[in-house]
Amino acid sequence: YNGYINEFDNPIVIGYFSMRNTISSNKKLSYFDVPLYGNFGYNGTKKIIDRVKNMHNQIFVVSVVDYEQNYEYSQFVKELSKYIMDNCVKIDEKYEFEVYYKK
């Protein structure tokens, strides 16, 4: 799936193992590579969504599998995926990913 994700210009992958794509693509780790509760400090979900709100011309690749999972002890920040899915333009989907563009 890395080949598919990397077809897009500078994508930010939102998923449980998004850091795997970053590392295997020899890119620098970013704020978005481990989107789990507790990783962003106090009021962290709001902070990460606010970052997305302030971004422009950005591609996001959302793991639908991670968004739809319903594990009792999941720490995945689903609100981030939901914000992207509700507020960005869907431009593609393949495998378990949906690709969105933020103007």
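Two strands are counted as paired if DSSP finds at least two bridges between them, and the legends below use the word in that sense for a predicted model.

**Figure 1. The hairpin of strands S3 and S4 in the predicted model.** Strands S3 and S4 form a hairpin in which 2 residues lie between the two strands. Tyrosine 95, which sits in the turn, has a positive phi of about 55°. Strand S3 covers residues 89-94 and runs antiparallel to S4, to which 5 bridges join it. Within this pairing, glutamate 93 stands opposite glutamate 98 of S4.

**Figure 2. Strand S4 and its pairing with strand S2.** Strand S2, made up of residues 58-63, is joined to S4 by 6 bridges, and the two strands run antiparallel. One of the residues to look for in this view is glutamine 58, whose bridge partner in S4 is lysine 102. S4 itself spans residues 97-102 and is mostly covered, with 5 of its 6 residues buried.

**Figure 3. Isoleucine 23 in helix H2.** Helix H2 runs from residue 18 to residue 24, and isoleucine 23 is found within it. Is this isoleucine 23 buried or exposed? Isoleucine 23 has a relative accessibility of 52% and counts as exposed, because the cut-off for that class is over 50%. Aspartate 33 lies 10 residues away from isoleucine 23 along the chain, and the C-alpha atoms of the two are separated by 9.7 Å.

Figure 4. Along the principal axes, the C-alpha atoms fill a box of roughly 35 × 25 × 25 Å. Buried residues make up 43% of the 103 residues, and, of the contacts with a separation of 6 or more, 58% are between residues 24 or more positions apart. The chain exposes about 6,300 Å², of which carbon and sulfur atoms supply 50%. There are 13 positive and 13 negative side chains, and the centres of these two sets lie 8 Å apart.

Technical notes: Residues numbered from 1 in each chain as written. Predicted model: local features only at pLDDT ≥ 70, side-chain atom pairs only at ≥ 80, totals over all residues. Heavy atoms only, no water. Buried < 20%, exposed > 50% of the residue type's maximum accessible area, 1.4 Å probe, protein only. Contact = heavy atoms within 4.5 Å. Areas by Shrake-Rupley, 256 points an atom, 1.4 Å probe, with all protein chains shown as cover. Lys, Arg positive; Asp, Glu negative; His and termini not counted. Charge placed at Lys NZ, Arg CZ, Asp CG, Glu CD. Helix = DSSP H or I, 4+ residues; strand = E, 2+ residues; numbered from the N terminus.
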